[in-house]
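Subject: Structure handover and findings

Hello,

Here is the structure for your files.

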Amino acid sequence: PRIRARPVSTHRTSQRRHSARGHDLVSAQYVAGILLADLVGLHHPSHPLACAREHQGAGRSARLHSMRQQRIVLAGGSGFLGQALVKYFLTLGWEVIVLTRSPQANRAAREVRWDGEILGDWARELEGAAAVVNLTGRTVDCRYTAENRRLIMNSRVNSTRVVGQAIAQCGQPPRVWLNASS
């Protein structure tokens, strides 16, 4: 079957019908969550995708059912995509930990301080997590001077290195590690 691309709207968190064109519009939050969940196979048992896939094999339902109260760690999760993933996984009942340089207590997810360069207390959050998603990286919305290019590259390389070191120290490492940045 052919898959038709559809417009994506960031204005709503649920699907709605666009009356003028007849397209289904979905939020960036919904798309980001579905893409990540589909990519790494992390589905909450009550999620429509998980329910639809139960028929794909015996035991799938039991495995999905046992995944309640899973934990996902989002390194650099305070940006646009990170916040979309936070909202998505919170609606699925997951525990969401955001590793950030500037933690705030009033956010929906628990935020833990990290600098993206050296191991610290934040590394304990990875122990037993279902997934770690590293979204860390200096903004690319800047002039591409030699200094900015160096900072952009180092922010991605250093955070990947330190997340890898933290995972290597885990007794029960995350099942999935995903890096994504612009």
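This is a predicted model: local features need pLDDT of at least 70, side-chain atom pairs count only at pLDDT 80 or more; totals for chains, interfaces and linings use all residues.

Residues are numbered from 1 along each chain as its sequence is written, and side-chain values use heavy atoms, with hydrogens and water left out.

Fold

The chain contains five helices and seven strands. Both are DSSP runs numbered from the N terminus: helices are H or I with at least four residues, strands are E with at least two. Read from the N terminus, the order of elements is β-β-α-α-α-β-α-β-β-β-α-β. Of the 182 residues in the chain, 40% are buried. Buried here means under 20% relative accessible area, exposed means over 50%, and partly exposed is in between, with a 1.4 Å probe and protein chains only.

Largest pocket

The largest pocket holds about 670 Å³ of space. Its lining has 29 residues, and R101, L135, T136, G137 and R138 are the closest to the pocket centre. The largest share is that of α5, with six residues. By type, the lining residues are eight nonpolar, 16 polar and five charged.

The terms are as follows. On a 1 Å grid over the protein atoms alone, a pocket is an open set of points where a 1.4 Å probe fits, with protein on both sides within 12 Å along at least five of seven lines; a cavity is a set from which the probe cannot get out, and lining residues have an atom within 4 Å of a point. Grid points are joined across faces, edges and corners, and the volume is the space filled by probe spheres set on the points. Ala, Val, Leu, Ile, Met, Phe, Trp, Tyr, Cys and Pro count as nonpolar, Asp, Glu, Lys and Arg as charged, and the others, Gly among them, as polar.

Helix α4 has twelve residues and spans 17 Å from its first C-alpha to its last, close to the expected 16 Å. The expected span is 1.5 Å times one less than the number of residues. The buried residues in α4 are G82, A84, L85, V86, Y88 and F89. Just after α4, G93 has a positive phi of about 90°.

There are three aromatic pairs in the structure. Rings of Phe, Tyr and Trp (its six-membered ring) pair if their centres lie within 6.5 Å; planes under 30 degrees apart are stacked, over 60 edge-to-face, and the rest tilted. One of the pairs is Y88 with F89, edge-to-face at 5.2 Å centre to centre and 85° between the planes. F89 also pairs with W94: the centres are 5.1 Å apart and the planes at 70°, so this pair is edge-to-face. Y88, F89 and W94 form one aromatic cluster. Relative accessible area is 4% for Y88, 0% for F89 and 4% for W94.

Cysteines

How many disulfides are there? The count is zero, with a disulfide taken as a pair of cysteine sulfur atoms within 2.5 Å. C142 is partly exposed at 22%, whereas C170 is buried at 12%.

Residue pairs apart in sequence

- Q165 is in helix α5 and is partly exposed at 33%. Its C-alpha is 7.7 Å from that of L119, which is 46 residues away along the chain.
- R107 sits in the loop between β4 and β5 (110-113) and is partly exposed at 31%.
- I97 is in strand β4 and is buried at 0%. I97 and R71 are 7.5 Å apart, C-alpha to C-alpha, and 26 residues apart in sequence.
- G79 is in the loop between β3 (71-75) and α4 and is partly exposed at 33%. The C-alpha atoms of G79 and T136 are 8.8 Å apart, at 57 residues apart in sequence.

Regards
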